[in-house]
Amino acid sequence: MKSIDCFIPYQSEEQAAKTVSLLKESPETARIFLLASDPALQPLEGCELVPVDSIGSTETFYKIAGLTDQDYTLLYTSFCTLHPGQFALERFIAIASDTQAGMVYADHYLIDEAGNYKPAPVIDYQQGSLRDDFDFGSLLLFNTSKLKRAVFSMDNSYQYAGLYDIRLRLAEQEQLVHINEFLYAQSEQDTRKSGEKLFDYVDPKNRTRQLEMEQACTAYLKRTGGYLFPYFEPVDFDRETFACEASVIIPVRNRVRTIEDAICSVLTQETDFPFNLIIVDNHSTDGTSAIIQKYAAMDQRILALTPDRNDLGIGGCWNLAVHHPQCGKFAVQLDSDDVYSGPKTLQQIVKAFYTQQCAMVVGTYQMTNFKMEEIPPGIIDHKEWTPENGRNNALRINGLGAPRAFYTPLLRTINLPNTSYGEDYALGLRISRNWQIGRIYDVLYLCRRWDENSDAALDRIKMNNHNTYKDRIRTWELQARIALNAEKNEKEFKSTGRSAAD
C-alpha cells in the first residue's frame, strides 16, 4: 500500500516529531524526508535528512524530484504540527488517482490557541489563478511523474519562487484539483484581520522576492501565449471637448466620519485648469448626505448625484459619474475615507497623462491610521509596475495602486463592472491590454486604514469570494490576451510567413 514519499520542513526535533509520528501511522507513507536548512540538525529516527537552502527554492525541488520514487509526493510547507484527518492520505490519493491531477490540495482546519478547530476552506484553481500568494493550504500532494516532468523543465534558479514556478508549470499541462473536504488540521499562524494582511504583497521589504515571482510569471505568460510586448495604442486627447479638464469622483455610502476630509482635500487642490468634484451618494443613511449637501451649496464645483436605482456597487457609481455630461476629460479617483496628500496632487496627475501619453495614471500612496499617521508597510509605490513589463506583471498581483485616474472617453467605452470589489483592478487590466498606464512615484494619496474599511475584517468566506472573483477577472483577461496574440500571429504569418512572436 505504500505509495507516498513525504517531505516536511525541519527546524528541531520538538517541531517535527509529532508530524513525523502521525505520518508514520498511515499505511500509505513510504519514506519521510526532513528538509533542513540548519546543517547541525540530526535526523529523526526512520527519517532521511535533506539539506536545503529554503523550502521554496528551485534547488530544493531538484532535490525532492531526485529523491522521491513513489507514485505520489507529499509536501508539507508549515512548521506547525500536521494533524491528518481520518484516512486523509488515502483520500488524497483516491482523488489524485481518479482525476489524474498533477497536484491536489484540500480544505482544512486551523487550530486556535484555545484548541478550537476553525474551518479554513480554500478555493478552486483556475487559469487566472496567477497570483503568487494563492492559498493552497500547507499540504500538497503531487503526482510524482508529473512533478518530475515539471521540475526538470525548470530553466531558472530561484531562491523564493521555486514552488511558484513548479505549480505554474504543472498548471500548463495538468489539473490542480481542490478537494472540498476538510482533510487535515494545523495550528493557526496568522491571526491578523484581513485588512492587516491586505498589503503584504506590496510590502517594500519583500521586493527581492517579488522580482523573482515576476520573472517566473512572465516566463509562464511567454510559454502560454499570454505575454504582451511593450507596444501600445496611441491616445488622442483631442477627440472630444469637455466642460472641465478633470473630475474627481467619490462614490460614497455611510461615511459620515470621513467624507468631509475627502471633500476638503479636493477643494484645496491648486491647478492651472478647471476641475470639478462629482460625489455619488449611494443612498447614505447616517448623515453623510447632509455633509455633502452643505458643501455643494457652498461650492459650485461640487456636483452631488444620487442614483435612481438601488443596485449599484462602487463600479456602478463610477459609471454614473463618468457618463454624466459634466464629467471632465480625466476622471480621478478618491475613496470616501481617504485624502490627497497635498494641494498639487490633481495637477501632477493631469500632467502625467500628457507627458507619458497614457490612458490611465496610477500614483503612490502612504498607509495611515484614522488620524492619518503612517502605519506599516508605509509607502506603497507599486514599483513592480514598469513600462516594459507592468501589464504582464499585473496579472500576478492583486491591485494596481492609488490614486487612479482615467481618460474619460475610453472609460465611457469600457465601463466598470458593477461591483464593490475588484472593479478598479478589472478596469486596469483591460486598459493595460491596449494602452499605456502611466506612473507617478511621489506620494499623492493617504490611504486611511480603520475599523470601518469595507475590507478591514472579512471572514474567510468573503475573502474566498473576493479572491475567486479576482482570479476570474485574471482568467478572462488572460484568455483575451492569448486570443489577441493568436490573431496577431495569424495576420503576421499570412502577410510575411513569420510569426509575430519572431
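Residues are numbered from 1 along each chain as its sequence is written, and side-chain values use heavy atoms, with hydrogens and water left out. Because the model is predicted, local features need pLDDT of at least 70 and side-chain atom pairs count only at pLDDT 80 or more, while totals for chains, interfaces and linings use all residues.

**The helix pair.** Select helix H2, residues 58–67, and helix H4, residues 144–151 (helices are DSSP runs of H or I with at least four residues, strands are runs of E with at least two, and both are numbered from the N terminus). Their axes come within 10 Å and cross at roughly 140° (axes are lines fitted to C-alpha atoms, for helices over the stretch in contact, and angles run from 0 to 180 degrees between N-to-C directions).

Next, show the side chains of Phe61, Tyr62, Ile64 and Ala65 on H2 with Leu147, Lys148 and Val151 on H4, which make the contact (heavy atoms within 4.5 Å).

**The second largest cavity.** Now select Ile8, Pro9, Gln15, Ala16, Thr19, Tyr76, Ser78, Phe79 and Cys80, which line the second largest cavity (on a 1 Å grid over the protein atoms alone, a set of points where a 1.4 Å probe fits but cannot get out, with lining residues having an atom within 4 Å of a point). Strand E1 (4–9) and helix H1 (13–24) each supply at least two residues of this lining, and H1 gives the most, with 3 residues.

Technical notes: On a 1 Å grid over the protein atoms alone, a cavity is a set of points where a 1.4 Å probe fits but cannot get out, and a pocket is an open set with protein on both sides within 12 Å along at least five of seven lines; lining residues have an atom within 4 Å of a point.
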